[in-house]
Amino acid sequence: MTLTAVTSTVAAAGGIWYWLSLSPPQTLRLRLPSEPSHSARRAPSAHAPVDIEGTFQAFEETAKRVAGTWPRFRGSTSDNIVTQPGTLSEEWPESGPPVLWSVALGDGYAAPAVANSRVYVLDYDEDEKRDALRCFSLATGQELWRRSYAVQIKRNHGMSRTIPAVTDRHVVTVGPKCHVLCVDAITGAFRWGLDLVADHGTDVPLWYTGQCPIIDEGEAIIAPGGESLLMGVDCESGQVAWRTPNPDAWGMSHASVIPTTLFGTRMFVYCALGGIVAVSADTESRGQVLWKTTEWKHSVVAPSPVFLPDGRMLVTAGYGVGSRMFQIHKSAETWSVETLDTWPRTHFACEQQTPIFQSGRLFTIMPNDAGPLNRQLVCMNPDGEHLWSSGKGWRFGLGPFMIAGDRILILSDDGALTMADATTDGFSPIATADILDGRE
């Protein structure tokens, strides 16, 4: 899930080098929502009909072409690692990295997607009570268009939650109350909408929908967790192309579907409320269950699975859960799942973010209940050996964090952005700057 707190750090998603290298700084005044509490209640059950097509506003016709893309949750390779060519700054001025532009957004956790020289954000307009898909020029920050629909959302640690999925042709979003919207990526023209609660029997998760959609081979991949465990929706027509049955009545979690390839087989993997499932992404068997396990079923799951090249899979969660390492096996056409290691919350865990795997190392932000390591950045090898932690002087709250080249970037709860070396030698901060106001 992307309960991230990066509501306006556009460059951290895709145009990161562009963001850090141009124009003088200016004041950026946004705020982060407060972190979730254990006492949060399930979203209200009332689910009024919503006209998802809503209304459309156009502000500008074109966007200046700018390189940079981050087209979905965790990027095009689903690992939260920026691999685009470029060089990050070795240091920042005292005022912090240069800010190219800023916009005011509503209260929430939504992060942007970047594609087509545009930035796409699913915002919530609290005054008008509307989910709003907003499209901005990556170069200037000028809002190009906005499509919004009326939906009543009660404040529940903010409203907005998710990251759009974008291709050259389509943008797909999932709103806090499980409304799916698809529009033309350039013009914002309405294509179709789905109400997962009304149409597919979904239960709105505890802190609203944290699931970020993906687009694969022209289909929006969604995990309703109601009548269908997963499904693919044709982005052109809005017709459901395939469904995965849900005989065990697993529910929608706060996690997102992750595409991966194991032993030459493409698949979509989802941590639902009830267990983990992998379904085929191949054209001829799309949606068919390959493997599943009930050895990981918790009432709150936000991070998505992390896959290692040897077929291992790391899953983690907050609220006292900790982490588990599985080994996925394939023998002929038979799949199986084996538990290798289980680590307590004080050793390795993450509450909201998904850990990052790079060069044989796992990175995480430890949860609030992790004892001496709470809220620290921790680097561990896949066998469970701690390589280093950031130390008690560097605590970051709930994240988020990403890797770009040989740098790791972490945004803390108080709005400070830290750049550090992503090495196994120890935590080595390079620069830090206050870029947001922090939570209230």
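Strand E9 (residues 179-184) is mostly covered, with six of its six residues buried; buried here means under 20% relative accessible area, exposed means over 50%, and partly exposed sits in between (1.4 Å probe, protein chains only). Strands (E, at least two residues) and helices (H or I, at least four) are DSSP runs numbered from the N terminus. The model is a predicted one, and local features need pLDDT of at least 70, side-chain atom pairs count only at pLDDT 80 or more, and totals for chains, interfaces and linings use all residues. Residues are numbered from 1 along each chain as its sequence is written, and side-chain values use heavy atoms, with hydrogens and water left out.

E9 has partners in E8 and in E10. Two strands pair if DSSP finds at least two bridges between them. With strand E8 (residues 170-174), E9 runs antiparallel over five bridges, and Val-174 sits opposite Val-180 of E9. The hairpin of E8 and E9 has four residues between the strands, and Cys-178 takes a positive phi near 70° there. Five bridges, again antiparallel, link E9 to strand E10 (residues 190-195). Here His-179 has Asp-195 in E10 as its bridge partner. This second hairpin has five residues between its strands, and Gly-188 in the turn shows a positive phi of about 80°.

Strand E17 (residues 275-280) pairs with E18 over four bridges, and one of the bridge pairs is Ala-278 with Trp-291.

The largest nonpolar core has 75 residues, of which Leu-230, Phe-268, Ile-276, Trp-291 and Met-313 touch the most other members. Such a core is a set of buried Ala, Val, Leu, Ile, Met, Phe, Trp, Tyr and Cys residues joined through side-chain atoms within 4.5 Å. Strand E16 (residues 265-272) gives the most to this core, with six residues. Apart from it lies another core, of 25 residues, including Val-119, Phe-136, Leu-411 and Ile-435. Leaving aside neighbours within four places in sequence, Ile-276 is in contact (heavy atoms within 4.5 Å) with residues including Trp-250, Val-269, Trp-291, Met-313 and Phe-326.

Thr-364 belongs to strand E24 (residues 361-365) and is buried, at a relative accessible area of 0%. Its side chain reaches the backbone oxygen of Ala-349 at 2.9 Å. Beyond residues up to four places away in sequence, Thr-364 touches Phe-348, Ala-349 and Cys-350, among others. Cys-350 is itself buried at 1%, and Cys-379 counts as buried at 0%. A search of the whole structure finds zero disulfides, that is, pairs of cysteine sulfur atoms within 2.5 Å.

Most residues other than glycine have a negative phi, and most peptide bonds are trans. Ala-249, in the loop between strand E14 (240-245) and E15, has a positive phi of about 55° and is exposed at 61% relative accessibility. Tyr-319 also has a positive phi, of about 60°, and lies in the loop between strand E20 (312-317) and strand E21 (322-331). Gly-399 and Pro-400 are joined by a cis peptide bond with omega about 5°.

Terms used: Polar contact = N/O pair within 3.5 Å; in protein donor to acceptor, adjacent residues only side chain to side chain.
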